[in-house]
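Keep the viewer open and click along as you read.

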Amino acid sequence: MKPVVRVVDLIKEYNGVKALKGVSLEVYEGEILGLLGPNGAGKSTLMNIIAGVIKPTSGKVEVLGYDVLKDREKVALKIGYCPQETVLYDNLTVMENMMFYAGLYDIPGGEAKKRAKRILEYLGLSGVEKTLAKRLSGGMKRRLNLAVALLNDPELLLLDEPTVGLDPNVRRSVWNAIKRLKEEDKAIILATHYMEEADELSDKVAIMNEGQIVALDTPEALKKMVGPLAAIELEFSKLPENLDKVLGRVDVVEKYILKNEKVVLYTKDPDTALPQVVSLVIENRGKLARIDVREPTLEDVFVKLTGRGLE
Amino acid sequence: MKLRAILSIAKKGVLDTLRDPAAVFWIVVFPIFWLALMSALWAGGSSKPLILEVGVVYEDTGISKYPLNATLMVNIMSKIEVNTTKIFEVKVFNSTENALNKLKAGELDAVIVFPEGFSQNMTYGFTTRAKIYVSAADIQKKQIIEAMLSSFIVEFSKHLALVRAQIFYNKAAVIINRFTGNMSSYILPLIKEFIKGLAVPLEAEFNEVSPKSIATRAGIIGWYTIGMIGVEYLFIGIIGGIVIVVEEREKKTLKRLLAAPITPWDLLIGGTLAVLFSELISTVTCTAFGTLVLGGKIYWNPLNPSHWLLVYIMLLVALMTIGIGLILSLGAKTVKSANVLASMVTFPLMFLAGIIIPKWILPSYMRTIADAFPVTVGLDVVRQIAVFNKPVEALALQTVYLTLTTTATYVAGIYIYKHRLNKFIEE
């Protein structure tokens, strides 16, 4: 099977600083590739290059066999791009926004209106066609952003942080919409820094850090990279004295990450580790607010690979 | 280039503008308000002449003894009228000091002091002198006061000279009659004219002539209507030109637009069309209000093919202002800074480039700027056709000049647009 997207050794430099350092990946029909990484990891730069908005310093990007640089317009017709920012015009109604973008894709008026109505209904936005975009809620704006990306019936969808800033219910409804698009055999690249989003939606996840893909596999395979470890999350209302020394004294803890008032410990033996940690915290005048023992997540994979958290 | 994409971009720009109350104010309300103001200021009917308040001091104690005296002069002065308005308001003071104090306090425009012997000298035919003090509070008003008083004194002197000449002639005629006998009927008229010529060696007649088409109120309003259209083009075109470049960046829609199968050309042409549409609305507003409401006269005959040159010229002026805006976009990154920058450029041009203030009242160096500024050249061509009803053949040179400068400006604007766009994309 031919890939919908093929990225080969992509490098992008801004004033001598490398934003992408040799990225390669492939995405196939009906597949969601999650790009997981913190802000500045290079996810948006990669998306912009695939969309043909910016030119790479070197490397190659093919979409459905077309080179994005040489056949930019042909590629643009096949891509639906939903950037991180809201791309709506506040003084235009929902339908006027849709018709404007349809015009950019050279879709005739009648056909554009039909498609717009269908997509708005599909994303739960029917009934607000005549509402000015500025009067929509944040969730509706996000869905309209996505609706705009679907107007040209794309074979490849580039979704850059499509749920950022949304409440859990709205986020869930956007996820459902993305899942349905996958069922329509669309290839989707989903950039996110929410690990649960990548975990829930992606067939494969590319973990990006500082312009590189540090791991690329299915979420399950990636989580196995952490090993047969459990994660113990401790949240303090008062940090114990000499926390580093305290945690170092627990033999069964293989690794720990301290962030603000929170510590994540990785251990193969949570039954032994947990009582030891609790008693040491109390001895050192610490106060615990919450304890959670859980399976490793993609964030834990990221931590293992990069030594730092996602945010 | 794709027509549907270009029209979509233009339509989006138009809708965005029409739903922005501030934009509607500047495009529709502002020109109506300004035209009404201009009409009231410059074409609001007959203006009244300047009235001077003049203080008079009689230091001359011999007034009652002589038939030609200072009060005669003051009486004549206080009766002089321009368009049925008396232009000298005379107040008599008992001392020079009191009068000068009032002058210094700004309560008088001038003080005339008639010194001792004034009436005697006047009656006996000697040179007589008065002292005149003029308020120098305002340099322009001072010039006007001096000119008005000088004119009066010249006229009065002429009158006095003629009276004296008549007296002299009457006495001389008796003697000449005695020596010339029958010849006197030939000689006396010649001598009379000669004496009159000695008294008044030169006479000039001043007549006011206004340019044919703006001599009327309708013509003046027509002139200002074209000026107002020019002001609107400056504002809308320059701001619009800058906004074409910076707005999509500021709204963060630029990258999304460029991910669509369009080119920067489509964006530029669509944006330009949207600005042209706003300028068209303003043109229609100004023309309709200026002609239908204020009664201005604008010659426009759609059946006359040469009148279509107006459309071409207006289009060039509009493109010129957009081109200036594109170039100025080098100095702006946001719509707000675009507004500030455009105002900084537009306001001085509006007043100093012969657009709303006639070129002939500008200082000579500003007139040079106005003569070279393509927008003014374009508006002058429009005025020549639409206000002065001049044949278009006489305007070929200006039209070629405007075509070349507009092309150069817009091409430079395109170059800067592409440069800015690339910079914004890479940000």
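A salt bridge here is a side-chain nitrogen of Lys or Arg within 4 Å of a carboxyl oxygen of Asp or Glu. A:Lys182 sits in helix 6 (residues 168-183) of chain A and A:Asp203 in the loop between helix 7 (195-201) and strand 9 (204-209), so the pair ties together parts that are 21 residues apart in sequence. Both partners are partly exposed, A:Lys182 with a relative accessible area of 24% and A:Asp203 with 27%. Buried means under 20% relative accessible area, exposed over 50%, and partly exposed in between (1.4 Å probe, protein chains only). Helices (H or I, at least four residues) and strands (E, at least two) are DSSP runs, numbered from the N terminus.

A word on the ground rules. This is a predicted model, where local features need pLDDT of at least 70 and side-chain atom pairs count only at pLDDT 80 or more, while totals for chains, interfaces and linings use all residues. Residues are numbered from 1 along each chain as its sequence is written, chains are lettered from A and ligands numbered from 1 in the order in which they are written, and side-chain values use heavy atoms, with hydrogens and water left out.

B:Lys141 is partly exposed at 33%, whereas B:Asp109 counts as buried at 10% relative accessibility.

Some charged residues go beyond pairs: salt bridges that share partners join A:Glu233, A:Glu235, A:Lys262, A:Arg290, A:Asp292, A:Arg294 and A:Asp300 into one network. Over all chains, the count comes to 34 salt bridges.

Now look within a single helix. A:Arg115 and A:Glu111 form a salt bridge of 3.0 Å, N to O, and both lie in helix 4 (residues 109-122) of chain A, four residues apart, about one turn of the helix. Why does that spacing work? An α-helix has 3.6 residues a turn, so residues three or four places apart point the same way. A:Arg115 counts as buried at 19% relative accessibility, and A:Glu111 counts as partly exposed at 33%.

Helix 1 (residues 43-50) of chain A is another one to click on. Seven of its eight residues are buried, so the helix is largely enclosed by the rest of the structure. Among those buried residues are A:Lys43, A:Leu46 and A:Ile50. Just after helix 1 of chain A comes A:Gly52, with a positive phi of about 80 degrees.

A positive phi also turns up at A:Glu161, which is not a glycine and has a phi of about 50 degrees. A:Glu161 lies in the loop between strand 7 (156-160) and helix 6 of chain A, and is buried with a relative accessible area of 2%.

On to the place where the chains meet. Here 34 residues of chain A are in contact (heavy atoms within 4.5 Å) with 25 residues of chain B. Together the two chains bury about 2,700 Å², 59% of it on carbon and sulfur atoms; buried area is the accessible area (1.4 Å probe) that two parts lose on being put together, summed over both. Of the area that chain A buries against chain B, A:Tyr89, A:Asn91 and A:Leu104 supply 23%, more than any other three residues.

The count between chain A and chain B is three salt bridges. A:Asp106 forms a salt bridge with B:Arg4, with the closest N and O atoms 2.9 Å apart. Which element gives the largest share of the side of chain A that touches chain B? Helix 3 of chain A does, with six residues. A:Asp106 lies in the loop between helix 3 and helix 4 of chain A, is partly exposed at 35% relative accessibility, and has a positive phi near 60 degrees.

Finish with the aromatics. Rings of Phe, Tyr and Trp (its six-membered ring) pair if their centres lie within 6.5 Å; planes under 30 degrees apart count as stacked, over 60 as edge-to-face and the rest as tilted. The whole structure has 17 aromatic pairs over all chains. B:Trp223 and B:Tyr224 form an edge-to-face pair, 5.1 Å centre to centre with 75 degrees between the planes, and both residues are buried. In chain B, one aromatic cluster includes B:Phe25, B:Trp26 and B:Phe351.
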